[in-house]
Amino acid sequence: MNDHADDELVITQVTDTYDAEQYLPSLMTLLQRCVNDEPSTSSLGFLAPLSEDRAKDQWRESLKGVTGSEPSTVLLVATPDDDPFNVLAAIQISRYFKETHDHKGEIKKLLVSPDHRRYGLGKRLMEEAERFARDDMKLEMLLLDTATETPARQFYARFGWTEWGCCPRYARFADGRKGDCTFFYKMLQ
């Protein structure tokens, strides 16, 4: 990619098992980099060092919810247009299946390769996830949570997400320290 140009990227929804297998190696690398490169700010549910086997197991389990006959999760990946299985960023959107909660979904993970941060890729992927949730999934609201002491908190606030609470010592960072978690929502309609 030239200068990490945003317009050279393709955002794709992963829907079938064949494509999921093609994406798997770079999804594993992406998750490992997001956990292992900066364990003091990574709060993705894994302790560092995240092994290749653990990353593969995580993605295989996640991909089951993406490719089935009734998928519970949408996975969007951003790749260079000239390297379609090299995932630079990924985001997951999950739907709530309770009748009283079926109007909302949750952003599960927004992962951006450390080499491609601060170039608008996270913003572009989040905007596409919000559009997809609203237009394709017919959701009215999205929820997410993030570690309070990371740049992600400012990222979500800057893009119109509303902070609605904080839980102290909610989860551990990849380096093992416990940290607070901030919860956000965004109305889509």
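## Starting with one residue

Where is T148 found? In this predicted model, T148 sits in the loop between β5 (141-147) and α4 (151-158).

Is T148 buried or exposed? With a relative accessible area of 11%, T148 counts as buried, because the cut-off for buried is under 20%. Setting aside neighbours within four places in sequence, T148 is in contact with R153, C166, D180, C181 and T182. As for C181, its backbone nitrogen lies 3.4 Å from a polar atom of the T148 side chain.

## The whole chain

Zooming out, the protein chain has 4 helices and 7 strands. Read from the N terminus, the order goes β-α-α-β-β-β-α-β-α-β-β. The radius of gyration is 16 Å, close to the 16 Å from the globule rule for 189 residues, so the chain is as compact as a globular protein of that length.

Of the 189 residues, 41% count as buried. Among contacts with a separation of 6 or more, 61% link residues 24 or more positions apart. The accessible surface is about 10,000 Å², with 46% of that belonging to carbon and sulfur atoms.

## The annotated stretch

An unreviewed UniProt entry marks residues 35-189 as "domain: N-acetyltransferase". That span is 26% helix and 34% strand, and its end C-alpha atoms lie 34 Å apart.

The chain averages a pLDDT of 94, and 96% of the residues score at least 70. Over residues 1-5, though, the pLDDT is below 50, and this stretch has 10 contacts beyond near neighbours in sequence.

How values were computed
Residues are numbered from 1 along each chain as its sequence is written. This is a predicted model: local features need pLDDT of at least 70, side-chain atom pairs count only at pLDDT 80 or more; totals for chains, interfaces and linings use all residues. Side-chain values use heavy atoms; hydrogens and water are left out. pLDDT is the predictor's confidence in each residue, from 0 to 100. Contact means heavy atoms within 4.5 Å. Helices (H or I, at least four residues) and strands (E, at least two) are DSSP runs, numbered from the N terminus. Buried means under 20% relative accessible area, exposed over 50%, partly exposed in between (1.4 Å probe, protein chains only). A polar contact is a pair of N or O atoms within 3.5 Å; within protein, one must be able to donate a hydrogen and the other to accept it, and residues adjacent in sequence count only if both atoms are side-chain atoms. UniProt positions are given in the numbering used here, feature names are shortened, and annotations may be inferred rather than shown by experiment. The radius of gyration is taken over C-alpha atoms; the globule rule is 2.2 Å times the number of residues to the power 0.38. Accessible areas come from the Shrake-Rupley method with a 1.4 Å probe; for residues, only the protein chains shown count as cover.
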